[in-house]
Amino acid sequence: MINIQKLKIVYNTTSAQIYIRSHLRCFSENSQAAAEVVKKLARHLKDNCNNVLVMAGAGLSTPSGIPDFRSPDTGLYYNLQQYNLPYPEAIFDLGYFERDPRPFLTLAKELYPGEKYHPNLGHHFVRLLHQKGKLLRMYTQNIDGLERLSGIPEDKLVEAHGGFSTASCIRCTKKYDPFKTRESILKGEAVYCERSWCKGLVKPDIVFFGEALPDRFWLHEIDATLADFLIVIGTSLEV
């Protein structure tokens, strides 16, 4: 059984740019034509590609059981209704977080890597690309940390919206032990800066609205020129 929810593949040849977009949805061994497409792409990857670029979104993590943000009745935003957020995205608003950290702490407690959710075959596929010496870089929109948990090394990973692997004060930016921060959040406790003149809230370094993207994000300007194969998983790349 091959089960790929959504896979978009774009690759270049040396003579001309050729774009192949394959949208494959839950097919079995009986879907011979679709299976042949995958075999051809696999052969091309093996024989011709050494700098594979992967871009991933929420669709990569939903097979692990992580709900997306916006689905009615099941999305993460829906599950935070008890806090009467003025608008769903307020959970990632620094001003709102300072006034009431509970919604974000609830979300963080739900998403902490390895607590409830674990990598799926999609994550392990990207790790396999690395193990075979094919992976140039993986860019992910996800904050769940499942890419790291699957074994993709940090130098091959760009977490565009940050993640749980580091933590800092939202006011003075002092770095804090991410493991101690995790322990407190899992207990439902807010963490405050230890500097007497600051006392700002400490959070995992997930990018909130108004915050800059991580410096590593700008590697895409170089990676885009080096890539010989692009795989987009679980995102339309549109907002």
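Buried denotes a relative accessible area under 20%, exposed one over 50%, and partly exposed a value in between (1.4 Å probe, protein chains only). The structure is a predicted model in which local features need pLDDT of at least 70 and side-chain atom pairs count only at pLDDT 80 or more, whereas totals for chains, interfaces and linings use all residues. Residues are numbered from 1 along each chain as its sequence is written, and side-chain values use heavy atoms, with hydrogens and water left out.

**View 1. Salt bridge between E211 and K203.** A salt bridge is taken as a side-chain nitrogen of Lys or Arg within 4 Å of a carboxyl oxygen of Asp or Glu. The N to O distance between the side chains of E211 and K203 is 3.4 Å. E211 is partly exposed, with a relative accessible area of 29%, while K203 counts as buried at 3% relative accessibility.

**View 2. Salt bridge between D205 and K175.** Helices (H or I, at least four residues) and strands (E, at least two) are DSSP runs, numbered from the N terminus. The side chains of D205 and K175 meet at 3.2 Å, N to O. Because D205 lies in strand β9 and K175 in strand β7, the pair ties together parts that are 30 residues apart in sequence. D205 counts as buried, at 15% relative accessibility; K175 is exposed, with a relative accessible area of 56%.

**View 3. Salt bridge between E110 and K116.** These two side chains meet at 3.2 Å, N to O. E110 is partly exposed, at 25% relative accessible area, and K116 is exposed, at 51%.

**View 4. The open four-stranded sheet, in the order β7-β6-β9-β8.** Two strands are considered paired if DSSP finds at least two bridges between them. The pairing in this sheet is antiparallel, and β7 and β8 are the edge strands, each pairing on one side only. Two bridges join β6 to β7, and S168 has K175 of β7 as its bridge partner. Helix α6 (residues 178-186) lies across β6, β7, β8 and β9 and runs at about 95° to β6; axes are lines fitted to C-alpha atoms, for helices over the stretch in contact, and angles run from 0 to 180 degrees between N-to-C directions.

**View 5. Residues with positive phi, T173 and K199.** Most residues other than glycine have a negative phi. T173 has a phi near 65° and sits in the loop between β6 (162-169) and β7 (175-176). T173 is exposed, with a relative accessible area of 55%. K199, with a phi near 60°, is placed in the loop between β8 (191-192) and β9 and is partly exposed, at 45%.

**View 6. The largest nonpolar core, of 26 residues.** A nonpolar core is a set of buried Ala, Val, Leu, Ile, Met, Phe, Trp, Tyr and Cys residues joined through side-chain atoms within 4.5 Å. I91, F92, F104, L111 and I206 touch the most other members. Two or more residues each come from α2 (94-99), α3 (102-111) and β9 (201-206), with α3 giving the largest share, five residues. Another core, of 16 residues, lies apart from it and includes L45, C49, L157 and I231.

**View 7. Surroundings of I206.** Contact means heavy atoms within 4.5 Å. Leaving aside neighbours within four places in sequence, I206 is in contact with F92, F104, I143, H161, G162, G163, F164 and E211.
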